[in-house]
Amino acid sequence: MGSKDAPDERPGEPWVMPREYEIGGVRWFSDASREMARALHPLLAQVTREELAEGPPPQTEGTPLPDEASSLYRPMAVQHVWTVSIEDVAAFNRDQFLTDLFTLADSMGGQMVRGMLEHISAVTEEYGNTIDAGGRDFFDVVAETLETIEMTFDDEGRPNLTIVMHPDQAEKLRDKQPTPEQEARLDAILERRKEEWLASRRRRDLP
C-alpha cells in the first residue's frame, strides 16, 4: 500500500469537448471575422455574397488556368499569421484574443479588397472596357463612364454606384464641382439610363 503522502500517479480525467461545441466555435469565429472585416472595409461590405454548391478546383499558385476557364472567375490567395501565446490561452485572456481577431479581420479584409480591385482591373483591361482619364476633366470622364457601364437603381431611383480612387486623388477632387453644363449632362445620362433599366425590368416581368 502506498503512503498517503505519495504523489497520485493516476492519470487525470480526460478532457473531452463535444463535437457540436467545436462546430459552433468554428462557425462563430468564421462569422465574427467575416462581419468584422466587412465593418472595417466598407467597400467589401457592399459586395454581395453567393455560395457555390461546387466550384472549380483550387489552382496551385503560378499554374496557368485552363483555356476554357472564364476570366470572370479567379481564385484569390488570402493569408494571415496568428501567433498565440500559451500564457494568454492558460489565462483565458479574452482581450488579447479579441485584439488578435481584430487584426485578423483587418488584414483579411484589406487583402480581399485589394484582390477584388486587381481582378476588376484585369477583367476590364481584357474586355477593353477602360477609359483613359489622363489630362481630362473628372466630370467629363464620369459622364463617359456612365454611358458605358451597366447600371441598376434602388427603390428611390438612385443609381447603385461606387467610385473608388486613391486617397491622394480624392483629396485633390474634394472641392471640385461640375460646371452647369456638366451637371446637366450627368443628370440627363442618369435619367436616360434609369428609364432603360426600368424598361428592361418590365420586359422581364412579361410571361
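Reader: Which residues make up the largest nonpolar core?
Author: In this predicted model, the largest nonpolar core has nine residues in all: F139, V142, A143, L146, M151, F153, L186, I189 and W197. A nonpolar core is a set of buried Ala, Val, Leu, Ile, Met, Phe, Trp, Tyr and Cys residues joined through side-chain atoms within 4.5 Å. Buried means under 20% relative accessible area, exposed over 50%, and partly exposed in between, with a 1.4 Å probe and protein chains only.

Reader: Which helices each supply at least two residues of this core?
Author: Those are α5 (138-148) and α7 (180-205). The largest share, four residues, comes from α5. Helices (H or I, at least four residues) and strands (E, at least two) are DSSP runs, numbered from the N terminus.

Reader: And what is F153 in contact with, leaving aside its neighbours within four places in sequence?
Author: F153 is in contact with R158, P159, N160, L190, R193, K194 and W197, where contact means heavy atoms within 4.5 Å.

Reader: Before we go on, what conventions apply to the numbering and the model?
Author: Residues are numbered from 1 along each chain as its sequence is written, and side-chain values use heavy atoms, with hydrogens and water left out. As this is a predicted model, local features need pLDDT of at least 70 and side-chain atom pairs count only at pLDDT 80 or more, while totals for chains, interfaces and linings use all residues.

Reader: Turning to aromatics, how many pairs are there?
Author: The count comes to five aromatic pairs. Rings of Phe, Tyr and Trp (its six-membered ring) pair if their centres lie within 6.5 Å; planes under 30 degrees apart count as stacked, over 60 as edge-to-face and the rest as tilted. One of the pairs is F29 with W82, tilted, at 5.7 Å centre to centre and 35° between the planes.

Reader: Where do F29 and W82 sit in the chain?
Author: F29 is in helix α1 (residues 19-40), and W82 is in the loop between α2 (42-45) and α3 (86-90), 53 residues apart, so that the pair links distant parts of the chain. Both are partly exposed, F29 with a relative accessible area of 29% and W82 with 26%. W28, F29, W82 and F97 form one aromatic cluster.

Reader: What about F138 and F139?
Author: F138 and F139 form an edge-to-face pair, 5.2 Å centre to centre with 75° between the planes. F138 is partly exposed at 23% relative accessible area, whereas F139 is buried at 12%.

Reader: Now α4: what span should it have?
Author: At 1.5 Å a residue, the 33 residues of α4 (residues 94-126) should span 48 Å, and its end C-alpha atoms are 47 Å apart, which agrees. The expected span is 1.5 Å times one less than the number of residues.

Reader: What do its buried residues pack against?
Author: The buried residues of α4 pack against α1 and α2. Among them are D100, L101, L104 and V123.

Reader: Where does F92 lie, and is it buried or exposed?
Author: F92 is in the loop between α3 and α4, and it is exposed, with a relative accessible area of 69%. Its phi is near 50°, a positive value in a residue other than glycine.

Reader: Lastly, how many helices and strands are there?
Author: The chain has seven helices and zero strands. Buried residues make up 16% of its 207 residues.
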